[in-house]
Every structure is written in C-alpha cells, then in structure tokens.
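Please look over the sequence and the model shown here before reading the briefing below. The notes are grouped by topic.

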Amino acid sequence: MKIMLRQLFLIICLCLSLPVTAVELRQHTVEVNDHPVALWSKAANASRRPILLIHGRTWSALPDFDLQVSGESLSVMDSLVAQGLAVYAVDLRGYGATPRDSSGWNTPDKAARDTRAVLNYINQRHAQKVAVLGWSNGSLVAQLVAQRHPELFSELILFGYPADPAMDFSKLPAAPEEPLREPNTATNAASDFITPGTISQAAIDEYVRHSLAADPVRADWNRLQQWAELDPALVNVPTLILHGEYDPLTPDANQSRLYTGLGTRDRAWITLPNADHAALLETAHGRFIQVIVNFLNRPIY
C-alpha cells in the first residue's frame, strides 16, 4: 500500500511539474582502448533497474539530462530516479568530461564502441539488463549498438530520431581534413525551444549557461557514411519511438518508416502533443517520463 501511494504521489508531481528532489550525482570512468569515457550516474545501486541516456549532436549529458532550475523539475535523471530507476548518462568523445582522442574526431563506429563498453560496465553492476534511451543523434548511436549487440539491451528508446530510414547515408559528403573546433554559441543552445509557452525563460537561461560551460567547443564528427549500417529491420529488441508533435526533425512520415520497418514486434510509437525536439525540458517533461516508465513496465506475455 505504501509503495502504491508513493507511485501515485510521484505521478502527480510529474503531471503538475512539482519539484522532485535532486539526487547526488556521481562520475565514473570507463576505459575504452586506454581512452577515458565519462559516465554519470544517480541512485546507481544494484537493486534498481538501470537505464542509460545518450545525448544529442551538440550538447553533452548533464545539460541535456540533469538540468537544475530553481523551483522547476526538469532533470530527466532525477525524475527517472524518482520512478525507481538507476540512471546513467554518458559523455561521448569530445563532449563534457570526455576528451577528444588524438585524431580530434568522433565517428559512428567510435561512438558505438564506446557505448558498448559503457553498457558492459553498467550490466556488470546490475542484475537486470540496461534500457537505452538515445536523444536525436544519440538515438542513431543507440540503434547502431542495438543492431550490433542486442544481447546488452533490455529495451531501446529512440527519442527525437532525426533521420529518414530511407535515406542513403553512404552518399553523405566527406568531412573537412581537420576538425573545425567551432565555438558553441548561446543562440545555438536556445535554438531547440521553438514552441511558445512550453518552457520558462529561467529554464532556457540555465540550459544555455550549463551547455556553454560543459561544451564551449562543438564536437567534430567524420565518416558519417558509417551510419549507412542503420537498418530498422535489424533492430530486434523491444523499441519505443518517442517524439514531439512540433519537432521539425521528426516528420511523421519518417517516424512511420522507422516504426513499420523495425524487426521487433514489441514496439510502440508515441507522439508528445504541444512539444518539440526539446520536449524532455519543456512542459511535456512529466508525460515524457511517464511514457518511458510505462513502456519499461509494460506487461510481458
């Protein structure tokens, strides 16, 4: 009875955007061929079910998934901890606390190898396999790893999936010879918040501040033709597709091709109304969390 009342209280807090208590943040280091990869966690004790969060193209784990705003509850990590999960978030190469390697570049293959090592690290700490949520570019990374190593996953969550499965990645243009190392800007940091009335100015300001502090220089990627390996038909782990109604990167036609093309029959496709690419940080935050938790807790028969 106490557990049921606690769950009901947490659901009410999420729906009403009431404050959720911030949880202690811990940093781990996963070595991948002598390269350190930063991994962040909250409430990562072995008795909890684990989930890994993979950030998008421009900003690292903590601005995206652990945004702290006075009087608001926008930390995805804190909200998922409140729902009983052990939450991890990775900084890919060149992001946040993970340095670039000597080449200066990240690639799809490098990101997939690093994520595989992180999944092994998490799975060794928990009795249950890890669920993986990738946001935007991170959803491409998550899919690539799920195709190669489905045995490491319990579920796959593709949030804000930014590609058309029908596109030919092999024809993408080559990158410059040297990494550009472009400075990130406040304008770029605020650019995803496009739906009026869904986020406070205070939250935008904090996101911009934290993003620029964590990622002052834009990470550089090359060999994007490696994304050509992506094929929904090769995804055979339970999969949730999730995106905002007004997300310009996720037209319904593309999401439909992704959904219908999945190799798994254990799948769901949810659209968050009145939300965009940054739905996880907007008024849709509570529903975003609840959709994820509902999928992870769905009946298995």
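Which residue in strand 10 is the bridge partner of isoleucine 241? The bridge partner of isoleucine 241 in strand 10 is tryptophan 269. This is a predicted model, in which local features need pLDDT of at least 70 and side-chain atom pairs count only at pLDDT 80 or more, while totals for chains, interfaces and linings use all residues. Residues are numbered from 1 along each chain as its sequence is written, and side-chain values use heavy atoms, with hydrogens and water left out.

**The sheet**

- An open sheet of 8 strands has the order 1-2-6-3-7-8-9-10 with mixed pairing, where strands (E, at least two residues) and helices (H or I, at least four) are DSSP runs numbered from the N terminus, and two strands pair if DSSP finds at least two bridges between them.
- Strand 1 (26–32) and strand 10 (267–272) stand at the edges of this sheet with a single partner strand each, so one side of each is left without a neighbour in the sheet.
- Neighbouring strands of the sheet are turned by 20° against each other on average, direction ignored, with axes taken as lines fitted to C-alpha atoms (for helices over the stretch in contact) and angles running from 0 to 180 degrees between N-to-C directions.
- Strand 9 (residues 239–244) pairs with strand 10 in the parallel sense over 6 bridges.

**Strand 8 and its neighbours**

- All 7 of the 7 residues of strand 8 (residues 153–159) are buried, so this strand is largely enclosed by the rest of the structure; buried means under 20% relative accessible area, exposed over 50%, and partly exposed in between (1.4 Å probe, protein chains only).
- Strand 8 runs parallel to strand 7 (residues 130–135), the two being paired over 5 bridges, and valine 132 stands opposite leucine 156 in strand 8.
- Strand 8 is also joined by 4 bridges to strand 9, again in parallel, and here leucine 158 stands opposite isoleucine 241 in strand 9.
- Strand 7, helix 5 (residues 137–148) and strand 8 make a right-handed β-α-β unit, meaning that, with the strands pointing away from the viewer, the path from the first strand over the helix to the second runs clockwise.

**Helices across the sheet**

- Helix 5 lies across strand 3, strand 7 and strand 8, and runs at about 150° to strand 8.
- Helix 4 (residues 108–125) lies across several strands, including strand 1, strand 2 (35–42) and strand 6 (85–90), and runs at about 120° to strand 1.

**Helix 7**

- Helix 7 (residues 201–214) has 14 residues and reaches 20 Å from its first C-alpha to its last, close to the 20 Å expected at 1.5 Å a residue, where the expected span is 1.5 Å times one less than the number of residues.
- The buried residues of helix 7 are Ala203, Ile204, Tyr207, Val208 and Ser211.
- These residues cover an arc of only 135° around the axis, which puts them on the same side of helix 7; the arc is that of the directions from the helix axis to the C-beta atoms.
- What covers them includes helix 2 (61–65) and helix 6 (186–189), contact meaning heavy atoms within 4.5 Å, whereas the face turned away from the buried side carries the exposed residues Gln201 and Ala213.

**Loop residues with positive phi**

- Serine 136, in the loop between strand 7 and helix 5, has a phi near 55° and is buried, with a relative accessible area of 9%.
- Arginine 181, in the loop between strand 8 and helix 6, has a phi near 50° and counts as partly exposed at 47% relative accessibility.
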